[in-house]
Amino acid sequence: MANYELLKDIEKYGRENKIPILLDDSLEYITGLLEKIKPHRVLEIGTAIGFSAINFSKYLDEGGRIDTIEIESLRVQQAIENIEKVGVQDKIRVLEGDALDILPYLTEKYDVIFIDASKGKYLEFFEHALRLSPVGGWIIADNVLYKGMVLSDYNKHKQRTAVNKLRSFIDVVMETECLNSELVDIGDGLTISKKIKEWEK
Ligand code: SAH
Ligand code: MG
């Protein structure tokens, strides 16, 4: 039996150490969706210490699995430790490396793809997500409003490159015809997209 009680400690550790794990509201929103979808395959880009992946693993259908990608080896180790402590190692596989190096090798389709890594690369992650989504699949991206900066006029801060890239990301997501997308202003901002027809590049 999985010991999901330990998620409280993992969350506390993450918040105290300023690891950007999912905010409460966003977690609630996404898991509400997962509860309805009951996904068989989930892909996450950005594992950190495994907090979101372990949470998501509650909502998999029988035999379901999550693949999650993390670039920093210390975090990979912490994630694997946490996954084993909770006892969901048969449900979550952590892939170590830059997602942009790993994604090209993935070929199976994922019912839900969650983008939650470096903001400057969202558009590139998104291209892969489109390829790896079946019709009926979901693509979710976190932190798209980046502390309100994405919707603000003020643009002289040092995050402006990331902010501009997130603006283009949101535009592309909203304009991608094979998707039904919405921008949700909760937490740090989410885009939620459902693939409604085949993607033609
Ligand atoms: N999904 C996690 C939080 C992820 S934080 C949760 O909610 O619990 C973002 C993570 O993405 C960081 O750990 C960072 O190291 C990782 N990351 C950033 N760029 C990446 C890349 N190109 N490939 C894989 N992981 C990346
Ligand atoms: Mg995030």
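Sheet, core residue and pockets in a predicted model

User: What makes strand 2 and strand 3 a pair?

Analyst: Two strands pair if there are at least two bridges between them. Strand 2 and strand 3 have 5 bridges, in the parallel sense. So they count as a pair.

User: What is the strand order of the open sheet?

Analyst: The order is 3-2-1-4-5-7-6, across 7 strands. The pairing is mixed.

User: Why do strand 3 and strand 6 stand at the edges?

Analyst: Strand 3 (92–96) and strand 6 (179–184) each have a single partner strand. One side of each is therefore left without a neighbour in the sheet.

User: By how many degrees are neighbouring strands of this sheet turned against each other?

Analyst: On average by 15 degrees, direction ignored.

User: How do you know that helix 4 packs on the sheet?

Analyst: Contact means heavy atoms within 4.5 Å. Helix 4 (residues 73–86) touches strand 2 and strand 3. The direction of helix 4 makes about 170 degrees with that of strand 3.

User: Which strands does helix 7 touch?

Analyst: Helix 7 (residues 160–175) touches strand 5 (138–142), strand 6 and strand 7 (190–195). Its direction makes about 140 degrees with that of strand 6.

User: Why is leucine 43 called buried?

Analyst: Buried means under 20% relative accessible area. Leucine 43 has 0%, so it is buried. Leucine 43 sits in strand 1 (residues 41–45).

User: What does leucine 43 touch, not counting residues up to four places away in sequence?

Analyst: The residues it touches include Asp67, Ile69, Leu103, Val112 and Phe114. Leucine 43 and valine 112 are 69 residues apart in sequence, yet 6.3 Å apart in space, C-alpha to C-alpha.

User: What volume does the largest pocket have?

Analyst: About 460 Å³. It is lined by 24 residues, and Gly46, Glu70, Asp116, Ala117 and Ser118 are the closest to its centre. Helix 3 (51–56) and strand 2 (65–70) each give two or more residues to the lining.

User: How do the residues of that lining divide?

Analyst: Into 11 nonpolar, 6 polar and 7 charged.

User: What about the second largest pocket: which residues are closest to its centre?

Analyst: Its volume is about 260 Å³. Among 13 lining residues, Pro20, Ile21, Leu23, Asn143 and Lys147 are the closest to its centre. By class, the lining has 6 nonpolar, 1 polar and 6 charged residues.

Note on methods
Residues are numbered from 1 along each chain as its sequence is written. Chains are lettered from A and ligands numbered from 1 in the order in which they are written. This is a predicted model: local features need pLDDT of at least 70, side-chain atom pairs count only at pLDDT 80 or more; totals for chains, interfaces and linings use all residues. Side-chain values use heavy atoms; hydrogens and water are left out. Helices (H or I, at least four residues) and strands (E, at least two) are DSSP runs, numbered from the N terminus. Buried means under 20% relative accessible area, exposed over 50%, partly exposed in between (1.4 Å probe, protein chains only). On a 1 Å grid over the protein atoms alone, a cavity is a set of points where a 1.4 Å probe fits but cannot get out, and a pocket is an open set with protein on both sides within 12 Å along at least five of seven lines; lining residues have an atom within 4 Å of a point. Grid points are joined across faces, edges and corners, and a volume is the space filled by probe spheres set on the points. Ala, Val, Leu, Ile, Met, Phe, Trp, Tyr, Cys and Pro count as nonpolar, Asp, Glu, Lys and Arg as charged, and the others, Gly among them, as polar. Axes are lines fitted to C-alpha atoms, for helices over the stretch in contact, and angles run from 0 to 180 degrees between N-to-C directions.
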